[in-house]
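Dear colleague,

I am handing over the structure below, and I would be grateful if you could read it alongside the notes that follow.

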Amino acid sequence: RQAAFRTDLGTLLDQVGTGKESLSFMKRRIRRLAAQWATAAQRLDLKLRRRWREQKKILVHVGFLTEESGDVFSPKVLKGGPLGEMVQWADILTALYVLGHNLKISVSVKELQGFLGVPPGRGSCPLTGPLPFDLIYTDYHGLQQMKQHMGLSLKKHKCHIRVIDTFGTEPAYNHEEYATLHGYRTNWGYWNLNTRQYMTMFPHTPDNSFMGFVSEELNETEKHNIQQNKVKNMAVVYGKEASMWKLSQGKEKFLEILHRYMEVHGTVYYETQRPPEVPAFVKNHGLLPQQDLQQLLRKAKLFIGFGFPYEGPAPLEAIANGCIFLQPKFHPPHSSLNHEFFRGKPTSREVSSQHPYAEQYIGRPHVMTVDYNNSEEFETAVHEIMRTKVDPYLPYEYTCEGMLERVHAYIQYQDFCGVEAPFPPANISVVWPGGLFMQMGDSGLVSWVVNSTAPPCWPPLSALRLTISAEGQSCVDTCRSLDLVCEPAFFRFVNNKEALSKLQVQCEVVEFEMNHIFPAFSTTARECGLQKEPLLFSCAGFGAKYRRVCPCRDFRKGQVALCQDCL
Ligand code: UDP
């Protein structure tokens, strides 16, 4: 069946259900952004030239909202608790629905069992028949619940699963045996999925798929009005819970400096009394409904972060409403190795500031990332912000059209059941697909000439640009430095001796090993290492003394998840 774009969200709103504050929050959001989604659907429909899209049967099981997982989020919706996840789930539901798929939504184990056709109350009674869905979107909690209630059959069906995973999961943590042997075991990882089945909130490492969410979009009149009504000396502080304001590490000092020049506003939740963490000079509005926060941001000039929360939606909303986002640089970067918040998360990703996406993908003049230990630098930044005029800005990938485009592409082209599984036998050294020839380009990058017998692949192999990292560098950084992005789907084509020789690497020995930094070669021993376990192909991996073989690809401006020829 063909999927047809939907612009009326009534049925979706009915499907989301009631009875929890989190569901009400999501519904308010869906309603508020409905018109924006509808316009985006029409635009994308035209852009794709009304192409035929298959309608998929999709189950969305929101594990963290189930009573069985404790549902710690719902009671905090109106009390300053985290909302980023709910923002994202509301947008995922809307995107899938607007794209025209056949959607079922579950927020309890009972509903999950019902949809999967597993008899209730039978413990781990496996699902015997075929899976009644093409795709299942869930999270780590939901995955655990499915394991408990689908038992053995989860293994069989797992290529259909997508895991919404805010901070991301790296290959070394995902591979159970490898993680256990090499110290990457956490409470979350080790599901042996293809790591592109994990979908993140921001484009962290391309080892995962970037799902994202959307932010409010402004038309030209609104943009114009915003410029007219900006209050040059108005700042809003990022952080809706008093604990985020714990005036640790000189935060008080910086608020004082800021207060010298600007009127400082906050949206910190409180019950009856002003939270003691919030200084008296701060005009606190209390936790605001999303749409009132947008109004506040429209007036403000500066949105300022003090280090927590990490990587949330609010800075994008602020920038989209014409604020400049000022945030602390983390030196050294925060990660699961040195920071409590990230400890136990299945990634070693180094978080270089409160919001690395804002820092790396947006940057000046919309984002200023400075060293807060240096009060001069901080003060200079505040001055500069008051002088600088910026237009509201929203990267295409965070618009409704951008999200629909990306999710459409994933649904139609990502296939972890077919083409990519089973993987080519790992211990055959050369898996050289027919129809491919490599050529060295002027830039020193190896690219491919692809003819009609080339193997099917998405992204298409024409996007591949092969290169070698510097010693100790990951493929994430290597590709980024070339203005490209690492593409894990291509590793299987370059994990061979031919690729090494094309890159003019001379190997005395070639080893086949389970090692998340392979393919790579050691600079000291002239040893080359090829990857034995395709699940361990990793853009993020790096090792001292190793230079990595990196499959990079191009990307669309404002839509890093997709290559030029990806649609
Ligand atoms: N938000 C809100 N009212 C407020 C402050 C924030 O509705 O007073 C919303 C905001 O619009 C954003 C969401 O909370 O979409 C999540 O924001 P944040 O970046 O703080 O991330 P979190 O830590 O909650 O995941």
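Leaving aside its neighbours within four places in sequence, which residues is Leu-288 in contact with? With contact taken to mean heavy atoms within 4.5 Å, Leu-288 is in contact with Thr-267, Leu-293 and Leu-296 once those neighbours are set aside.

Before the rest, a word on conventions. This is a predicted model, in which local features need pLDDT of at least 70 and side-chain atom pairs count only at pLDDT 80 or more, while totals for chains, interfaces and linings use all residues. Residues are numbered from 1 along each chain as its sequence is written, and side-chain values use heavy atoms, with hydrogens and water left out.

On confidence, the model scores ipTM 0.97 and pTM 0.95. The mean pLDDT (the predictor's confidence in each residue, from 0 to 100) of the protein chain is 91, and 92% of its residues reach 70 or more. Over residues 421–435, however, pLDDT stays under 50, although the model has 36 contacts beyond four places in sequence for them. Where pLDDT is low, the predicted coordinates should not be read in detail.

Turning to the ligand, 16 residues surround it, the closest being Leu-83, Tyr-238, Lys-240, Leu-288 and Glu-317; a residue is counted here if one of its heavy atoms lies within 4 Å of the ligand. This shell divides into 10 nonpolar, four polar and two charged residues, where Ala, Val, Leu, Ile, Met, Phe, Trp, Tyr, Cys and Pro count as nonpolar, Asp, Glu, Lys and Arg as charged, and the others, Gly among them, as polar. At least two residues of the shell come from each of α4 (84–98), α12 (290–299) and α13 (314–320), helices being DSSP runs of H or I with at least four residues and strands runs of E with at least two, numbered from the N terminus.

An oxygen atom of the ligand is 2.5 Å from an N or O atom in the side chain of Lys-240, and for the side chain of Gln-290 the corresponding distance is 2.8 Å. A backbone N or O atom of Gly-84 also lies 2.8 Å from an oxygen atom of the ligand. Of the 540 Å² of accessible area that the ligand has on its own, the protein covers 94% (Shrake-Rupley method, 1.4 Å probe; for residues, only the protein chains shown count as cover).

Leu-288 itself lies in the loop between β9 (283–284) and α12, and its C-alpha atom is separated by 9.0 Å from that of Lys-240, 48 residues apart along the chain. At 23% relative accessibility Leu-288 counts as partly exposed, since buried means under 20% relative accessible area, exposed over 50%, and partly exposed in between (1.4 Å probe, protein chains only). His-355, in the loop between β12 (351–353) and α14 (356–362), is buried at 1%; beyond four places in sequence, its contacts are Phe-202, Glu-311, Gly-312, Pro-315, Phe-325 and Gln-327.

The peptide bond from Arg-364 to Pro-365 is cis, with omega near 0 degrees, and Pro-365 is found in the loop between α14 and β13 (367–370). Another cis peptide bond joins Phe-518 and Pro-519, with omega about 5 degrees. Gln-504, which is not a glycine, has a positive phi near 60 degrees and is exposed at 63% relative accessibility.

Key. Polar contact = N/O pair within 3.5 Å; in protein donor to acceptor, adjacent residues only side chain to side chain.
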